[in-house]
Every structure is written in structure tokens, then in C-alpha cells.
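Visitor: I'm new to this one. Could you walk me through how to read it?

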Amino acid sequence: MFETFYGLKANPFTVNPDPRYLYLTRDTREALSCLAYGVRNRKGFTLLTGGVGTGKTTVLNKFMEWLMAEKVTTAFIFNPRLNFSEFLDYMMADFGIPSEGREKGKLLFHLNRWLLDRYEAGQTAVLIIDEAQNLSTEALEEIRLLTNLETSTDKLLQIVLCGQPELEVKLKLPLLHQLWQRITLRCHTRPFTAEELTEYIKQRLTIAGSNGQPIFRADALDVIYRYSRGIPRVTNLLCEHALISGFVDQERSISAATIRAVAQDLELQEAGLSTAEGDAVPGPWRESCHRDFLGNAANEESYEQNP
């Protein structure tokens, strides 16, 4: 519909977590770095947190693209509202591990044997759990016990926990202090700054086929930032609806007034500029992550090193 009118080949602002559209801010680079560092160095647990709509699942999908390219076997659990038996069944099936019966002891025996075989072959297995804030404390404790599958030097199973900030709050509960202590790598996604949001929108338009002609006016970009608060998902929603509205009104360059009208329809509240937040990767991990994974800016999307 509006794509042809604006000279685009595709809708640039779908809310699907398509890794092609991932915009590499400092935070997303560091998240990818630490995820890969944790897998490559068999750290066991890596934690990725971020607010709703800040791009966690898109980062995970980009990470899984790299894992697939490196032929790393993965299991991805996107619905953690399972009891542990169901969780274990799903994980085994996604890893492609054959097993007879559903007894917990037998499943864990087969899992351990399979992980040892992969380890001896120099291969890695990664379990990724999205929306992990929905896991019960009992399930999280059972997942912690999975990292007891290890050799004297390495963890056999690498686990990525991804969720909203309340996941971190839950992990700090006294009942889960053993799990919290085992998470040595922690990274975050955060809302964009105003400058990042502008580049994010430009990049998505370019990937969708834009010839470089400005589709959103400068004042419109400022209003998008104020209503979206730098959150990618809300930005996509605003921009898509603005393009539809602009097409209906035959508006070649989207104005601030169009953005405000769309924001009111979506019942969004305008906000002031947000302040910068703290570092995404604490402590000494930052430099080692960058050296180990990204290397330099020219290679930031190549993911050339092996896990």
C-alpha cells in the first residue's frame, strides 16, 4: 500500500524481531559480544535483560544467526510457562536428543551423555530462554542444576536467560542466590538516544529500499523520539501508522503534526528527553568481550571467530 508511494520495497517498520533490521548501538554490540563470549568460553550462564520493546528478542535472533553459521546446536524456549518436566521435554526435543520414557532421571542421563559426546567432539550446545521472567523460582532452580553437568574445567551446557528487568529482581531473591552467583556475564538493551533513534529510522528505511530521500522531516523525528521515549517497538508502531496516514493524505514528507495525530490515536503520552543510563557490561568483561568477539568496527557484523 504505502510502500510504493514512498519508494520502498518492503514495510520497514514491522514489529517482528527481524535481525536484518538490528541497529547496532553500543549496548547491542556489547550484548552480542557478551553472549558470544559466554558461549565461546563456556561460562555457563549469561543474562540479557531490557525493558519491554527495547529489542531483546531481535538481539537474540541476531545471536542465533551467528550460532547457526558457526554450527552451534541450540534449543530456544520462547514459552517458559511450563513445569520443569514439560520444559525438559521441550528442550530435549529441540536439541534433537532421542530418549525413551519421560522420567526425569532418564532424561537427564541422556542429556548428560549427549553433552559429553558433543564436548569430546569439540562442539557446544546452547539453551536460550526468552521471557525468562515468567519462570517460577522452582523452575529457575532446576535450570541452575543443569549447569552441574560439567567436566572438571568446563560447563557442558551454555544457558542464556533473557527477560525484562523483573527477571534480575527475581534472580536476586534469597531463594535463588546460588543461581545469581553463577551468572558471570550480564548485559542489557536500553532505549535509544535521540541521535540513535534518527539513525535507526534511516537504517530501516534504507534496508527497505529507500533511495535516501527524507521521508520523515527533522521535526517529525524529534516528536517520534518524545512519544516513543526511544523504545524501538513503539518507534516502529508510530512510524508505520504515520506512513499509512501520510499515504492516505498524500503527504510525501511526514510532518510533526502527522506524528502527533498518530500518537494521539495510539494514546501515547509525550515525554521529555531521557538521560543516559549506565554501562551495559559491568566490570572487567567489557574489554575482553570486545577483543574476543567484535575485534573492530569494520568486522562488527561478521562474527568470524569460532565458539
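**Buried ends, bridges and helix faces**

Guide: Glu30 counts as buried, at 2% relative accessibility (buried is under 20% relative accessible area, exposed over 50%, partly exposed in between, with a 1.4 Å probe and protein chains only). This is a predicted model, where local features need pLDDT of at least 70 and side-chain atom pairs count only at pLDDT 80 or more, while totals for chains, interfaces and linings use all residues. Residues are numbered from 1 along each chain as its sequence is written, and side-chain values use heavy atoms, leaving out hydrogens and water.

Visitor: Which residue forms a salt bridge with Glu30?
Guide: A salt bridge is a side-chain nitrogen of Lys or Arg within 4 Å of a carboxyl oxygen of Asp or Glu. For Glu30 the partner is Arg26, with the closest N and O atoms 3.4 Å apart. Arg26 is partly exposed, at 47% relative accessibility. Helices here are DSSP runs of H or I, at least four residues, numbered from the N terminus.

Visitor: Why does that spacing matter for direction?
Guide: An α-helix has 3.6 residues a turn, so residues three or four places apart point the same way. Lys202 and Glu199 are three residues apart in helix H9, and their side chains meet in a salt bridge too (3.9 Å, N to O).

Visitor: How many salt bridges are there by this rule?
Guide: The count is 12. Another of them joins Glu142 and Lys104, at 2.9 Å from N to O. Glu142 lies in helix H6 (residues 137–146) and Lys104 in helix H5 (residues 104–120), so this pair ties together parts that are 38 residues apart in sequence.

Visitor: Back to H9: which of its residues are buried?
Guide: Leu197, Thr198, Tyr200, Ile201, Arg204 and Leu205. Viewed down the axis, they fall within an arc of 160 degrees, so they line one face of H9; the arc is taken from the directions from the helix axis to the C-beta atoms. They pack against H10 and H11, where contact means heavy atoms within 4.5 Å. On the face turned away are the exposed residues Glu195 and Thr206.

Visitor: And how many disulfides does the count give?
Guide: A disulfide is a covalent bond between the sulfur atoms of two cysteines. With the cut-off set at sulfur atoms within 2.5 Å, the count is zero. The cysteine sulfur closest to that of Cys187 is in Cys34, 5.4 Å away, too far for a bond.

Conventions:
Helices (H or I, at least four residues) and strands (E, at least two) are DSSP runs, numbered from the N terminus.
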